[in-house]
Amino acid sequence: MIDVPAFVNALTFNAGYNTAIVAMGAILLGWAGGTVGTFLLLRQRSLVSDALSHATLPGVGLAFLVMAWFGGTGRFLPGLLLGAAISAMTGLACVEWLTRRTRLNADAAIGAVLSAFFGFGVVLLTVIQSLGIGQQAGIGSFLLGSTSGMLRNEAVTLAVLALIVALLVFYFRRPLTLVCFDEIFARTSGIDIRRADLLLMFLVMAVTVTGLRVVGLILVVALLIIPPVAARFWTDKTTTMIFASGLIGAVSGFAGTALSASVPNLPAGPVIVLVAALLFVISLLFAPARGIFYGLYRARAFSRKVHRRQGLLAILRGEAIYDSDTIKVLKADHYIRADGTPTRTGLAAADNAAREEALWTVYLHDNPDAAYRAARMRLDPIAERLTSDEIAELEKHFAGPPSVSGKAGTGFAIR
Amino acid sequence: MDELYVGLVLVPTLIGALAAVACALLGNFLILRKQSLMGDAVSHVVLPGIVVAFIVSGSMSVGPMLIGAAAAALISALLIELVRNLGKVEPGAAMGVVFTSLFALGVVLLEQSETRNIHFDVQHALYGNLESLVWLAGTQAGALFDPEALADLPPQLGRLVFSLLAVCLFLLFFWRQLVVSTFDPVFAQALGVPVRFIGAALISLVAIVAVTAFEAVGAIITIAMLICPAAAARLMTNRLIPQLAWSVLFALVSAVAGFWAAGSGMALLGSGFSVSAAGMIAAVSGIILAICAIAAPQRMGARS
């Protein structure tokens with residue numbers, strides 16, 4: 001299966017000049033796709049890139065035919081990419097036009113454009129095949145990409161293109177961020193929304209066209225969609241998310257090309273996508289900010305806190321506890337014995353719980369707008385959430401000797 | 001009638017038309033429910049389904065292929081819902097993550113398994129090979145009434161008839177529930193219509209049709225047929241039944257004109273070769289949509 005020395009060589013850029021250049025290109029491409037994709041995701045237009053990438057095919061075919069017509073080889077990469085870019089922009093214009101000028105929704109417009117353009121592209125591909133011009137082999141690789149048959153100057157072209165896109169994203173990150181979050185504020189700060197959107201689409205197009213030869217037009221959207229969705233699990237901050245997404249993309253590109261170089265019959269494009277998918281699954285499960293396991297852990301911790309607090313208050317009121325979860329939590333903390341009677345520490349904790357509840361009640365009375373936050377905060381020890389000055393201020397409400405008649409023996413009423 | 005015509009032109013055209021009509025009928029509801037891209041996702045994941053079915057069953061026979069593809073379609077629908085709900089990701093992005101990952105998995109499995117040595121490749125999966133679905137026995141005189149010759153019909157024809165029938169029966173029996181849950185899901189829920197069941201049934205039918213159509217005409221034309229005719233029909237009228245009728249008409253015109261243009265049309269233009277019929281059908285359906293977007297009476301809908 002996997003050839004370990006070859007894999008290590010590929011990872012350390014020692015598997016030959018071409019492989020190293022392709023790997024550099026894939027890293028830069030992954031970075032560019034991840035960062036551009038973040039804006040696309042935040043603008044909720046991820047699948048527009050699907051229409052864009054499928055719409056490149058007729059351009060590639062036409063460019064090939066035109067170049068072959070003029071006696072060229074037809075396989076000249078910059079020419080093919082230019083054709084791809086032009087027809088991608090045409091496809092994008094069609095999507096925009098359909099959603100703006102007709103009643104069709106964006107999803108229908110995207111689906112219609114991608115399938116019709118792709119169909120036309122397939123027609124052109126079969127035309128090229130039956131014309132029997134030589135060197136048509138390079139054309140098929142635009143569908144699923146390939147790195148094995150790549151010429152040196154092609155690899156260099158792609159690496160340079162990816163670098164330019166990565167730099168452009170870095171340069172324009174601020175206006176793009178603003179447009180994603182607050183259109184009105186962006187407009188008042190002097191940013192032309194339409195131009196920013198156009199710029200974003202131009203960058204998406206650039207990533208797509210650069211990725212065509214490596215990843216293929218069907219899968220290149222994955223570079224724009226998977227890394228940002230994965231990055232979203234790790235953070236709520238835009239700048240961090242852009243960075244994380246670029247990193248996930250770059251790692252996918254790197255590991256994908258290295259794996260592909262060291263295992264026979266393993267095309268780079270799909271492997272890059274699968275590495276990204278793996279990183280996505282890891283993020284979905286384990287990321288601290290929004291991952292599933294951390295979410296479950298937090299939910300469990302919160303429910304334990306609720307059971308503990310309610311159980312302690314019940315002990316204080318001398319009520320019997322029936323809820324098995326509550327009993328389990330209280331027993332684990334040694335607040336009650338096996339027969340359900342409270343221990344000494346349990347009574348003390350109950351006393352303290354009543355005190356904290358009372359303090360929080362006063363706090364909320366004084367700060368009603370903190371109610372939402374306090375719903376979770378009030379289950380933690382109050383000293384962790386409020387400063388000692390604040391607590392002292394709250395305790396003044398309970399000054400004076402504890403009265404036997406009105407309030408409970410602790411001096412703090414349970415309201 | 002020329003017998004060659006029946007076997008070499010009429011049968012593939014009929015297959016294309018059946019696939020187009022079955023897709024177009026369902027496409028109307030996908031578009032109205034803003035789920036057009038589910039068709040896109042489902043047709044992409046058919047590939048890994050077929051590859052896995054081949055690896056598991058070890059044969060290229062049809063049964064496992066259909067089961068594998070349908071299972072993959074349903075699993076992908078499930079995964080999309082899962083990613084959407086667990087990750088709180090917007091539906092478009094969730095779809096993009098799932099179908100690209102599964103498609104990549106399909107390609108890798110295809111390259112790594114024995115499948116690549118057999119007559120099956122990704123290109124074939126993408127744009128089918130409608131031209132090869134000919135009825136050779138039909139080129140003899142009187143074949144239409146000869147049971148032996150009829151048994152030689154491409155099996156895809158029968159399967160497409162079956163799935164078109166399934167679509168028609170679904171529309172017939174669940175018409176009211178489907179319509180009300182499409183236009184007003186909340187009201188439908190209040191009426192006691194099983195909204196979720198209807199939605200799942202619709203996606204399953206799309207999967208079944210996508211699988212049978214995919215086998216005959218490839219994934220891309222399946223997407224085109226699910227979306228383009230129905231989208232064009234949506235621009236023609238405000239009423240649902242006329243919209244269905246328009247979409248069927250557009251689907252038929254795309255299939256017939258596309259197949260003709262790919263073969264005879266190219267010959268008329270003086271070129272000695274023919275081009276991909278599936279690609280041409282998709283392109284024609286796109287042209288029909290473009291014409292409707294420019295000139296159809298209801299192209300602006302309520303906005304006009």
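This is a predicted model: local features need pLDDT of at least 70, side-chain atom pairs count only at pLDDT 80 or more; totals for chains, interfaces and linings use all residues.
Residues are numbered from 1 along each chain as its sequence is written, while chains are lettered from A and ligands numbered from 1 in the order in which they are written.

- Helix H6 of chain A covers residues 106–131; helices here are DSSP runs (H or I, at least four residues), numbered from the N terminus.
- Its 26 residues should span 38 Å at 1.5 Å a residue, and the end C-alpha atoms of H6(A) agree with that at 37 Å apart; the expected span is 1.5 Å times one less than the number of residues.
- H6(A) is largely enclosed by the rest of the structure, because 23 of its 26 residues are buried (20 or more other C-beta atoms within 10 Å of the residue's own, with C-beta atoms placed from the backbone).
- Helix H2(A), residues 17–42, reaches 38 Å from first C-alpha to last, and 23 of its 26 residues are buried.
- After H2(A) comes A:Gln44, with a positive phi near 60°.

**Chain B against chain A**
- The contact (C-beta atoms, placed from the backbone, within 7 Å) takes 54 residues from chain B and 47 from chain A.
- H4(B) gives the largest share of chain B's side, 14 residues.

Technical notes: Helices (H or I, at least four residues) and strands (E, at least two) are DSSP runs, numbered from the N terminus. A residue is buried if 20 or more other C-beta atoms lie within 10 Å of its own, exposed if 12 or fewer, and partly exposed in between; C-beta atoms are placed from the backbone. Two residues are in contact if their C-beta atoms, placed from the backbone, lie within 7 Å.
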